[in-house]
2 protein chains.
Amino acid sequence: MITLARTALRARAAPSPFRHAAALRFQSTSVSHDPMTGEATGLKHLDASAVVVTQSNAPRTPPPSQSLVFGANFSDHMLSIPWNSGNGWDAPKIHPYSPLQLDPSAVIFHYAPSLFEGMKAYKDVNGKVRLFRPDMNMKRMNTSAARIALPTFEGEQLISLIKKLVAMDKGWIPSEPGHSLYIRPALIGTEAALGVHPTKDALLFVICSPVGPYYKTGFKPVALEADPNKVRAWPGGTGQYKLGGNYAPGILPQLEAARRGYQQNLWLFGEEHWLTEVGTMNLFVALKKGDGVELVTPPLNGMILPGVTRDSILHIAKDHVSGKYPIDSLPKNLTVSEREISIHEVIKAEQSGELIEMFGAGTAAVVSPVDRVGYKGKDIKIPAGDGIGPIAKAMLERITDIQLGKVEHEWSVVVDEV
Amino acid sequence: MITLARTALRARAAPSPFRHAAALRFQSTSVSHDPMTGEATGLKHLDASAVVVTQSNAPRTPPPSQSLVFGANFSDHMLSIPWNSGNGWDAPKIHPYSPLQLDPSAVIFHYAPSLFEGMKAYKDVNGKVRLFRPDMNMKRMNTSAARIALPTFEGEQLISLIKKLVAMDKGWIPSEPGHSLYIRPALIGTEAALGVHPTKDALLFVICSPVGPYYKTGFKPVALEADPNKVRAWPGGTGQYKLGGNYAPGILPQLEAARRGYQQNLWLFGEEHWLTEVGTMNLFVALKKGDGVELVTPPLNGMILPGVTRDSILHIAKDHVSGKYPIDSLPKNLTVSEREISIHEVIKAEQSGELIEMFGAGTAAVVSPVDRVGYKGKDIKIPAGDGIGPIAKAMLERITDIQLGKVEHEWSVVVDEV
């Protein structure tokens, strides 16, 4: 069952029968091209059609939907795709959920060659399974991989494999409103050799976890602590990539904020104390401007994660402004800005009554309203309606309508039955 | 044999017999105190006397010393110490070198809760085994752990366990000049649960790798590329901690430098283009000042790793200056400075003939001479004698003399036979 262990450790172990089969299968495939550079690499490309499926012979019963805790339960199957610098991508395997077995010298345990994505599969009103903008996740996953010398791949191939995995574990997608199957693709370096160097072995894997709604009992706005001494990202750093190494350093600042009564960190940057992100989400601020409203989010300046929800909100807002898809509950006179915004501008807006709304944006919650920001010992108060402001609410409704296929939209991708 | 797998995965698996034994053993121990804060934690502390030893029943023959590649071979045994937030440190285990088995949702694969140390064991002229300043590694390991919400421990306990491990695998320490046993302690978060949060499970492990001399065929100075757009660390970040997440992002910049003929990166910081570190080493620059010499290294300002070799070089230089231990080959009129130094100051010193020497400092090579720095399309040329300058050479000789017990020094710690 644990075939994975063998391939992940193949530098030290006897060849796996799967590898041999894969090698034969790939003899007829064409030379692949690097999806980032277009260069011919001469290595086997990621080929969804080569997938080897091993059904679980001990399928489990998903836990009751009301008992779900985020990221604590996992579905019956997972996807594993080993990569080696000499051969390229090995044949993908869908197999029973099982531990990874890795040499203690594997680079993942020492130098954090590690990236991940967060996606969701939804059951729509007709029982069809849907993904939301998976191409965006594939694009970012490749960008992250290139930044830390991990292998890149053709995103369409991985989407095809994820669809197959999700279809197999369709019974794990809770159908209650607000529930979904959280999909976690990850890519890690696995070479068993110390020394900081580009890894010769890697493993791409995907696991799935049934999750409940982020807001179980109505919306609860969060309080943020903005401490300019805590810095998430830096120009020339890795803030715009979804790397494992960006996350562990944020845990202590969150614990410290929590001790002072704030749920999350508002990450500031630079002497002007620019707003960047909130916790592990992108950030939006709405300001009154004359008789209109400006919806502001920090620009993709290298320090901001290019969030799928962030991008979706920008598109929805722009389609409202252009008249392509107007939304009644959004302000008539709306301006959409990707621009720097400092904490001082936020404080000024609070004082002049022009601070309308603030919210985080991300895959887990879609939107996360903010009602308070602590900065230099004082709290900035932010309107948050009955727990959520009107702009965040409009975005949440529009995005979940698309995710659940209540309205037809190119962002929602139907998973065909297999 | 793979008892590790069971404890690392204990959240999902049946209790291991080792855990039960450990629980009984700890009933009589006192409540531990957090080594960082001094607070009583109520959790079991790391207790070297509770170690459970399982000898390998298939000991291997170490590879011939001349064939050694850094970090590619590992000794017969390893040390594993699981930790859980509810119980504290479990009983340490010395056992045959074996894979780690972890759930694919384990936090180490997603958020990089990961730190490590680099140490060496040497065989001295009398066949005794020696460590070099292990207390410094323990101190830094605890500082790193606290920064990413991993558990801390009493350093003396881990030193005692490392001594035991090294004594057991004494046959793996090559005795040829310049050879040693590289010791790699690592601490990783292992909880099987997605979501960015303080891990409830962790694993401290130590593996050992026989290594040859860094300079096999004489000294080879390296060329560095100084690109101000590549940033290793920043204020409020994690540059001063030995975290896994600091290392993967450095791989691509090194590959890019190599493509242009430079072996390593000289990491600059800020608008003044301050020198910070070189590759994964600390940095020293020697400048002529009047009729004397100034030895400069960047100060521990939060962005610089507090290297053991860096600290040792500073002590040796200061002892020379104070007359406590003068070294003939060091300049008579020496000044030792921990201060900021910009690339512009280095260029100016080159032009005025006052640039004497530059070298990296770290555990792997002790010193690594630099003879060229590329900056904005031009090369700064740096004297490097016959491959190594006089100051780097004096430091290398003094440190290796202490490491090998050729001179008595408190930094060298003898491992008693067990």
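A polar contact is a pair of N or O atoms within 3.5 Å. I'm keeping that cut-off at hand while I look through this predicted model.

**Entry 1: Asn246(A)**

I looked up where Asn246(A) sits: it is in the loop between β11 (222-226) and α5 (251-259) of chain A. Is Asn246(A) buried or exposed? Its relative accessible area is 12%, so I noted it as buried, the cut-off being under 20%.

Next I checked what its side chain reaches. The side chains of Asn246(A) and Thr238(A) are joined by a polar contact of 2.7 Å. The Asn246(A) side chain also gets to the backbone oxygen of Tyr241(A), at 2.7 Å. Skipping neighbours within four places in sequence, I listed the contacts of Asn246(A) as Arg232(A), Thr238(A), Gly239(A) and Tyr241(A).

**Entry 2: how the chains are related**

I superposed chain A on chain B: a rotation of 180° with 0.0 Å of shift along the axis does it, with an RMSD of 0.0 Å. That's the relation of a two-fold axis.

**Entry 3: where the chains meet**

I found 60 residues of chain A in contact with 59 residues of chain B. Why do I say the copies meet through the same surface? Because 97% of the interface residues of chain A are also interface residues in chain B.

About 4,800 Å² is buried between chain A and chain B, and 67% of that is on carbon and sulfur atoms. I looked for salt bridges across this interface and got 0, but 14 residue pairs turned up in polar contact. On the side of chain A that touches chain B, α5(A) gives the largest share, 5 residues. I sorted that side into 39 nonpolar, 16 polar and 5 charged residues.

Conventions. Residues are numbered from 1 along each chain as its sequence is written. Chains are lettered from A and ligands numbered from 1 in the order in which they are written. This is a predicted model: local features need pLDDT of at least 70, side-chain atom pairs count only at pLDDT 80 or more; totals for chains, interfaces and linings use all residues. Side-chain values use heavy atoms; hydrogens and water are left out. Copies are superposed by least squares on the C-alpha atoms of residues with pLDDT of at least 70 in both. Contact means heavy atoms within 4.5 Å. Helices (H or I, at least four residues) and strands (E, at least two) are DSSP runs, numbered from the N terminus. Buried means under 20% relative accessible area, exposed over 50%, partly exposed in between (1.4 Å probe, protein chains only). A polar contact is a pair of N or O atoms within 3.5 Å; within protein, one must be able to donate a hydrogen and the other to accept it, and residues adjacent in sequence count only if both atoms are side-chain atoms. Buried area is the accessible area (1.4 Å probe) that two parts lose on being put together, summed over both. A salt bridge is a side-chain nitrogen of Lys or Arg within 4 Å of a carboxyl oxygen of Asp or Glu. Ala, Val, Leu, Ile, Met, Phe, Trp, Tyr, Cys and Pro count as nonpolar, Asp, Glu, Lys and Arg as charged, and the others, Gly among them, as polar.
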